[in-house]
Amino acid sequence: MFINLEELNSNVKDEILISSEVNFDKDLLSNSSIKDLKDVFVNGKIYKDAGDEFVIEATVEGKMIIEDSISLEDVTYPFLINIDENIEEILQKDKNTIDIIPILWQNIVLEVPLRYTEVKDLSSYSGDGWKLISEEEVKSNNPFLELKEKYKEE
């Protein structure tokens, strides 16, 4: 998504408004834990700050399809990102356009949760000699708590 910066460079406009749906290349997705991105919209602006450097302020909203941490099924994870960063470093001199896709992608990748699940009933996840339990069950049915208490007494 290329943005033309000629009007900012020539001081015709104070800011360039951005309001668009964004589509990401499948190659970007293949190198991440994101399986797909849907309904990604960016709203914001690019302007020059007091130091005459280009800044992007935008919100990015959408849904990422990721793998559930427990069931390993695809789940939808909604996200909303606020971007406020100087883009002077990535702006090539003598160029009047900038591709904002890499900026958006970097911020989206930072929002991917390490663990996310929509599983409510953990009892269906068990096997030969093991079962998945909740945090509450760990605290109430932990056999090592007795040992810990006895260790404290000594």
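**View 1. Extent of the chain in the predicted model.** The radius of gyration of the chain is 24 Å, whereas a compact globule of 154 residues would have one near 15 Å. The C-alpha trace spans about 75 × 40 × 20 Å along its principal axes.

**View 2. Secondary structure along the chain.** The chain holds five helices and eight strands. In sequence order these elements follow the pattern β-α-β-α-β-β-β-β-α-β-β-α-α. Where contacts link residues at least 6 apart in sequence, 59% of them join residues at least 24 apart.

**View 3. Buried residues of helix H3.** Helix H3 comprises residues 101-110. Its buried residues are Ile101, Ile103, Leu104, Trp105, Asn107 and Ile108. In the chain as a whole, 30% of the 154 residues count as buried.

**View 4. Cover over helix H3.** The elements that cover the buried residues of H3 include one helix, H2 (26-30). Strands also contribute to this cover, among them E3 (36-48), E4 (54-67), E5 (74-86) and E6 (97-99).

**View 5. Surface and charge of the chain.** The accessible surface of the chain amounts to about 10900 Å², and carbon and sulfur atoms account for 47% of that area. The chain carries 16 positive and 35 negative charges. The mean position of the positive charges and that of the negative charges are 4 Å apart.

Conventions
Residues are numbered from 1 along each chain as its sequence is written. This is a predicted model: local features need pLDDT of at least 70, side-chain atom pairs count only at pLDDT 80 or more; totals for chains, interfaces and linings use all residues. Side-chain values use heavy atoms; hydrogens and water are left out. Buried means under 20% relative accessible area, exposed over 50%, partly exposed in between (1.4 Å probe, protein chains only). Helices (H or I, at least four residues) and strands (E, at least two) are DSSP runs, numbered from the N terminus. Contact means heavy atoms within 4.5 Å. The radius of gyration is taken over C-alpha atoms; the globule rule is 2.2 Å times the number of residues to the power 0.38. Accessible areas come from the Shrake-Rupley method with a 1.4 Å probe; for residues, only the protein chains shown count as cover. Lys and Arg count as positive and Asp and Glu as negative; His and the chain ends are not counted. The place of a charge is taken as NZ of Lys, CZ of Arg, CG of Asp or CD of Glu.
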